[in-house]
Amino acid sequence: MGACQSFREMCDREKNTNVRLSLPAVCIVWQTAMIILFGVFIRFQDVHVMIFVGFGFLMTFLKRYSFGGVGFNFLIAAFGLQWALLMQGWFHWLGPDGKIRIGVENLINADFCVAGCLIAYGALLGKVSPVQLMVLTLFGITLFAVEEFIILSVIHARDAGGSMVIHTFGGYYGLSISWMLYRPNLHQSSRLQGSVYHSDVFAMIGTLFLWMFWPSFNSAICDHGDGQHRAAINTYLCLASTVLTTVAISSLFQKHGKLDMVHIQNSTLAGGVAAGTAAEFMLMPYGCLIVGFCCGIISTLGYIFLTPFMEKRLKIQDTCGIHNLHAMPGVVGGIVGAITAASASVEVYGHKGLENTFDFKGKFEDMVPTRQGGHQAAGLCVALCFGIGGGIIVGAILRLPIWGDPADDNCFDDETYWEVPEEEESIPTILQYNNHVQNKDM
Amino acid sequence: MGACQSFREMCDREKNTNVRLSLPAVCIVWQTAMIILFGVFIRFQDVHVMIFVGFGFLMTFLKRYSFGGVGFNFLIAAFGLQWALLMQGWFHWLGPDGKIRIGVENLINADFCVAGCLIAYGALLGKVSPVQLMVLTLFGITLFAVEEFIILSVIHARDAGGSMVIHTFGGYYGLSISWMLYRPNLHQSSRLQGSVYHSDVFAMIGTLFLWMFWPSFNSAICDHGDGQHRAAINTYLCLASTVLTTVAISSLFQKHGKLDMVHIQNSTLAGGVAAGTAAEFMLMPYGCLIVGFCCGIISTLGYIFLTPFMEKRLKIQDTCGIHNLHAMPGVVGGIVGAITAASASVEVYGHKGLENTFDFKGKFEDMVPTRQGGHQAAGLCVALCFGIGGGIIVGAILRLPIWGDPADDNCFDDETYWEVPEEEESIPTILQYNNHVQNKDM
Amino acid sequence: MGACQSFREMCDREKNTNVRLSLPAVCIVWQTAMIILFGVFIRFQDVHVMIFVGFGFLMTFLKRYSFGGVGFNFLIAAFGLQWALLMQGWFHWLGPDGKIRIGVENLINADFCVAGCLIAYGALLGKVSPVQLMVLTLFGITLFAVEEFIILSVIHARDAGGSMVIHTFGGYYGLSISWMLYRPNLHQSSRLQGSVYHSDVFAMIGTLFLWMFWPSFNSAICDHGDGQHRAAINTYLCLASTVLTTVAISSLFQKHGKLDMVHIQNSTLAGGVAAGTAAEFMLMPYGCLIVGFCCGIISTLGYIFLTPFMEKRLKIQDTCGIHNLHAMPGVVGGIVGAITAASASVEVYGHKGLENTFDFKGKFEDMVPTRQGGHQAAGLCVALCFGIGGGIIVGAILRLPIWGDPADDNCFDDETYWEVPEEEESIPTILQYNNHVQNKDM
């Protein structure tokens, strides 16, 4: 009887084990969610810093357009974010009740979306009005949302760091608009189309924040765990080797072997752009170094030879050289992604790894790496088409004479759109100097 | 017998389940603590960056007071932190052994505490000595600790992002001190009371770091999980819409529609201030956009109309315009908080949510939202009283002629308290230019 | 029979408990790994910011060497990181297959490794060519890896924040090289060996990012949990009190009590250096404040008295004053570490705590605190020997006339290695001024 009772007790206790299962389960799920959320949050902060400080200060390099560089970057980012939350919400996050629930992941995606437009701004820096920039952003984000949906969801290309979706699209979007808005007499502003000593140092703030946080950018929306860390480390290695070849080429092609700040500010980042698509693939450390190696060379040579050629022959005026920093490395990244995807194998990734990395699930269950390579290539083409086509259409709209853009001899000048403080400082210095000379003469 | 033995074995095994319960429990508790700690740590880092880089660089905008802006900000923050750790420890964290245990959460609270004093410094920038700033900080933090204790613990108002506790208090504290220290002949320093081109770019570093991390600021001490993320996203949306209306009003009221850097640097942040109290409430995305919308307008109009009026009629000289960036938006935030709290309902928050969000626990178990609204309003009044009253008393102390403050024609000049490098650079340039002219003449 | 069946069912269910154990176990292990990884990742980002923005901008203070300061810092960091990953991989992370697996922890260690070389660069700033810097970095990182291995693994000294391993070694490494490369006619560049107003503000960006993230630096590779948070908070307190004494001494020894930007930029960080070794020990809050207090004094006095003395008598030209910021405080940190370790007791740390903090495990199981103190002192000696010895050898190599270093009257001048934009801006201002004067005259 005692046995029977303890048996019943045991059974009762046994019932409790249901709680023992569900309680830890709930705890674990909740915690996992928290961990991922915190992980996402860190990366969000990093990406956020890149958008506002990185892109903003990278564009302060012009001697008299630093206000416009950092200020309009701030304006269109804040404007674009809101529109991007809506656009991406409609495409990806619409709940059954027709409402969009906003979480940290949406904020990252909005930042990504805005990045495309900020890249395009780089080509137009100093030559457009803030109203034109708002129009560019409005259409740019709409195009981005559609293009991203087609590339990622319809074509099923992978593009974690957005080599194609962000950089190729954004780059050619900006270049096409610049082509449509070609100014034959831009040389009238040429006295302002350069840097001064301290504006170059400001731009280095942008460069460094972009460079440091680029690994977070490329890994922000990867699968958590392995894939995410692989993406971060791959990007990190690409970027490190890009710096070396950029310095090498900059010194090699400049007279007396001097370095050019334009290259250091921009081309050192090309490796991060090119690592975008393949970031979460098995690029292998030496593969990353090779990609970075090549991108530093291509991008710097682009600044030296291609940008002048494009301005002279192709009528494309590219203020920040986004063709060298975003467009070309973006295409390189897309191609690297396609090749790496096509040559993926179960031996290298493992069965599970292959499935996770390339998301061979649902209706793409039967996908094989070689076909995935083709899809990647198709994605790159879509990005190019949207960039160029969209840019031509939006450029045509921006040519309408209603947007308040500056005259050819007012380009690159903050005076046009900003209250600029007068530089009265040097006057006392001159007076002191004159007095000094006069005293000496006496 | 076999059954009996296996039964006994089973019982023994059953004993093991005690470990099965306790081991995961310990693990889970430890991990949860770690997660929260890491979460807190991220936000601490963000808030820390805001205090030192954000506030510091925001105050570098004056042409010859950048050293004082960033340097004294650094000094009083490092000084204030230590005092705040003690003061807040005594009020909130005193252990049974009479000792204060310092954790990451204390560091965040110390940063918050210091923020109030740094805001007050904004009104006095360029017109006080570092010794006066230390006195201001010593009393400011003491007042803050008392005021915060009354508002949060006694009155039981909620104020996650400190619209009332930090911004309203800090703002009016600084303005009252400035009123007590009124300088009728400040115009003698007017040649220095403006920016130069690059000092405005430096100030944008401050603006952007404040803007980007403000969501972390407002959510740093919220309940973890839902409330915290809601606070971050609400603030984010407020800030985004503030940028747009700031630009709009700045352009609308300036001649030729030009933008004013003062507005872009400051008013774009007003939405974050106003979102402070209601950050963790259910403001709804559109509600956030509305709050941000209004704050951008109010704050920018404040810079255009109110600051000159206050200086002329009310004898309040407000160097950084903290009335427009902190004091007014702080009051708006307090009012928004009171209204949102009063209109909270179980339908929107859920039973549990209402209890968690407004902390209806312990001796406030019987609280209802409408009464909570009243408590919020009472909290706002306390913040105002402490700010204005404390400011007048501390201002009176600071008027004593023993603190080494600068003469009226030495204000806004780093020469007073810093070894400033001589600007010899422009002399060779002039010589070059003169030679250039002479060569041309010949 | 029913009882028997339910018994069997129960047994079957009992079998399931194996899953109940293993499933949560796997989950918990995985999660713990994730948490630690995210924790590590945060700190990695912080350290990364210190290396590139912190060290980079700290060296922009010279009036015409800001490009070289931030640019060469960028170059040697990106170069050094890759070499450090290999060197440290060989020493610490070599897998059984002869391959190095790279994780986030390796990236932190690579950053640490590079920090030593960047410190050495501080002594040589403006006087060496980029090629010399690459040679310095190549040897520096190799020496670092060996020295670190001896100190941490062979001698079993603890050095979480690298007072000895990083700062003492890096400091004396740079000073010895500077001694070997002594330039008797450096005064010919003296017109450039100072700051201008805005270059000092740029340097404050570096100071603040170093100051804010130093707690992460010192705690980055500590044991997770208690030790890590203790390290962060100890460092934080040290740094806070250093600021105050730095300001005090700077004002005390300058004529008219004015503050010197050189001290504020550098000496405020000395507390973080000195807290490096003892960061994870039980320093007690007041102990931290005392360490910080002393370091602020020592470091600032170093700038005022020691740096000129060393240049004049010891023929050591130390551009950034790394002796005051890194070398001396590093030695102080090593001594503090030895004393604190020697006086550790089970009463204060607890049995488990003592074992964890000092890693009394494996072949060091029998270690006692007093002996550990001796090992710490031995570690300090090794760091000094490697720094001085290595510096002399590498300095001898760098004296070879093949490295393209600048002439004595071209030091501290970016013109040597960079395309520097012409300062044409001031000319129109002068013209305006002249017109203004002429108009007045008429």
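## Predicted model: side chains and backbone

Q: Is B:Met284 buried, exposed or partly exposed, and what is its relative accessible area?
A: Buried means under 20% relative accessible area and exposed over 50%, with partly exposed in between (1.4 Å probe, protein chains only). B:Met284 falls in the middle class, partly exposed, with a relative accessible area of 35%.

Q: In this predicted model, what pLDDT do side-chain atom pairs need to count?
A: Residues are numbered from 1 along each chain as its sequence is written, while chains are lettered from A and ligands numbered from 1 in the order written. Side-chain values use heavy atoms, without hydrogens and water, and in this predicted model totals for chains, interfaces and linings use all residues, local features need pLDDT of at least 70, and side-chain atom pairs need pLDDT 80 or more.

Q: Where is B:Met284, and what is its phi?
A: Helices (H or I, at least four residues) and strands (E, at least two) are DSSP runs, numbered from the N terminus. B:Met284 sits in the loop between α9 (270-274) and α10 (285-312) of chain B. Most residues other than glycine have a negative phi. B:Met284 is not a glycine, yet its phi is positive, at about 70 degrees.

Q: Which residue of chain C forms an aromatic pair with B:Phe74?
A: Rings of Phe, Tyr and Trp (its six-membered ring) pair if their centres lie within 6.5 Å; planes under 30 degrees apart count as stacked, over 60 as edge-to-face and the rest as tilted. B:Phe74 lies in helix α2 (residues 66-93) of chain B and its partner in helix α6 (residues 197-219) of chain C, so the pair joins two chains. With 5.3 Å centre to centre and 90 degrees between the planes, B:Phe74 is edge-to-face with C:Trp211.

Q: Which residue has its ring face under A:Arg64?
A: A charge sits over a ring if NZ of Lys or CZ of Arg is within 6 Å of the ring centre and within 35 degrees of the ring normal. A:Arg64 lies at 4.2 Å from the ring centre, over the face of B:Tyr197.
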